[in-house]
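Here is a friendly note to read alongside the model. Please keep the viewer open as you go through the points.

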Amino acid sequence: VRFDDNRVEVTKEIHAVRAMPGSDWQPLEITPGLPPERADVVIVGGGVVGWSVAYWLKRKERIRDGVRVLVVEKDPTYSQASTVLSVGGIRQQFSLPENIHLSLASAEFLRSINEHLGVLNEDPVDLQFNHSGYLFIASEKGAGIMEENYRTQRYAGAKVTLLSPAQVKEKFPWLNTEGVALASYGLENEGWFDPWSLLNALRRKAISMGVYQCFGEVTGFRYSTHSMPTDDSHQMSFKRIRYVNVRMPNSLEYQPVECAIVVNAAGAHSGKVADLAGIGSGPKDTLAAVPVPVEPRKRYVYVLHCPDGPGLDTPFLIDYSGVYCRREGLGGNYIAGLSPEEEEEPDTRDLEVDYNFFQDRIWPLLAHRVPAFECTKVASAWAGYYDYNTFDQNCILGLHPLVNNMYFATGFSGHGLQQSPAAGRALAELILDGGFRTLDLSALGFERIFHQEPVLERSIV
């Protein structure tokens, strides 16, 4: 009897520990690998934006397990995920106040990362944040715009300063200031960090809070439709998604997941996910015919080895030619790249790297600005996708007007990693509070696309 009593007590203790916050214990059995049969919110896309939305939904829920969240990611290896193929930069040197505020809020989140994403009995999060700042360089032609951007950035609270060519040369003697009329330098909250660390930290924390994870591909939606007459005697159809069909890896079968809300955070593939809901397939010249203007754009990243290159004070350099570079570690390695012109956009069917693009387009410009790079070699390279918003290169954040339970967090066009903490919070506010609470991001909603009113950003890299 004594043994049985002890066993009962130990069993009770085990169950108590499993039920504590941070435990992976669940009250309902779920087949490993399969999604649950129903969820309150299904997030399509398990990149850094999707997991940020998941984290903030759980953070804001009023009672534990009050919001059942499922994140669906089609690539379990993350080998082609935009998040982990990013160069990891964060800056506030934008022209659009919304972008500045998003990155300022995200920088604040990253500074206190373990207060947000620390998990009991797990190692603390180390983002390997390098606070070396961004240095934008302007020619005579672009100096006026840089001054305007500077005033906007300072008004929004960003810590930036303008430098004359002489000041640039004094601070960074390795830089050739020929053709430089003005420079803008970030003093705080700018630099770069490890994207994989942020993704894993968000995912680990969200799962510890009760978020479900599923590796599979969303192949379709089942939705209901109702129509309303318009003023011009036409019918406008509104949809509501009822089920998300998730196909499991290496299988032709799919699992339907009943849901109340869908978040499209599928990054470069979010346009295709929207197509599955019939968005953009309506009658010509109607709102229903307007597609989601997000598509994959391939970008090359080259790792250079240059033993005599710039030192530890090297900022994230953005030349007015469009070429960028930053230091990578301490071994004389650097990262460099350049966004191609519209007419030279590479094929997006694969992630193969064009090494001639570096040789022909990047190296001459880079070596002119930083003469030390005249003697450099490409050590390695990779390619990744931007979730490129062809309409205005800014994110789409909000509810679709005609599919009244599909929210979007996509189209960041290269800024998704750095803006993900604040963007995830903003979308969680929209879903749970019915509106933006901490930042007014209403200008980034879907309506601007319907009304053909682009919100343009001048500082695109």
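1. Which residues of the largest nonpolar core touch the most other members? They are Ile43, Trp51, Leu117, Leu198, Val263, Leu397 and Leu427, in a core of 55 residues. A nonpolar core here is a set of buried Ala, Val, Leu, Ile, Met, Phe, Trp, Tyr and Cys residues joined through side-chain atoms within 4.5 Å. Buried means under 20% relative accessible area, exposed over 50%, and partly exposed in between (1.4 Å probe, protein chains only).

2. A word on the basis of this note. This is a predicted model, in which local features need pLDDT of at least 70 and side-chain atom pairs count only at pLDDT 80 or more, while totals for chains, interfaces and linings use all residues. Residues are numbered from 1 along each chain as its sequence is written, and side-chain values use heavy atoms, with hydrogens and water left out.

3. Leaving aside residues up to four places away in sequence, Leu198 touches Val48, Leu110, Ile113, Leu117, Leu127, Phe193, Leu417 and Ser420. Contact means heavy atoms within 4.5 Å.

4. H3 spans 21 Å between its first and last C-alpha, close to the 21 Å expected at 1.5 Å a residue; the expected span is 1.5 Å times one less than the number of residues. Because 11 of its 15 residues are buried, H3 is largely enclosed by the rest of the structure. Its buried residues, among them Leu102, Phe109 and Leu110, pack against elements including helix H2 (48-60), helix H7 (195-208) and helix H10 (416-433).

5. Helix H9 (residues 355-369) is worth a look too. A kink of about 50° lies at Ile362, shortly before Pro364; the bend is the angle between axes fitted to the seven residues ending there and the seven starting there. Ile362 is buried, as are Phe357, Phe358, Leu366, Ala367 and Arg369. The cover over these buried residues includes strand E4 (134-138) and strand E16 (377-389).

6. Finally, the cysteines. The count is 0 disulfides, a disulfide being a pair of cysteine sulfur atoms within 2.5 Å. Cys259 is in none, and the nearest cysteine sulfur, that of Cys214, is 13 Å away. The sulfur of Cys306 is 7.2 Å from that of Cys375, the closest one, which is too far for a bond. Cys259 is buried at 10% relative accessible area, and Cys306 is buried at 1%.

Definitions and conventions:
Helices (H or I, at least four residues) and strands (E, at least two) are DSSP runs, numbered from the N terminus.
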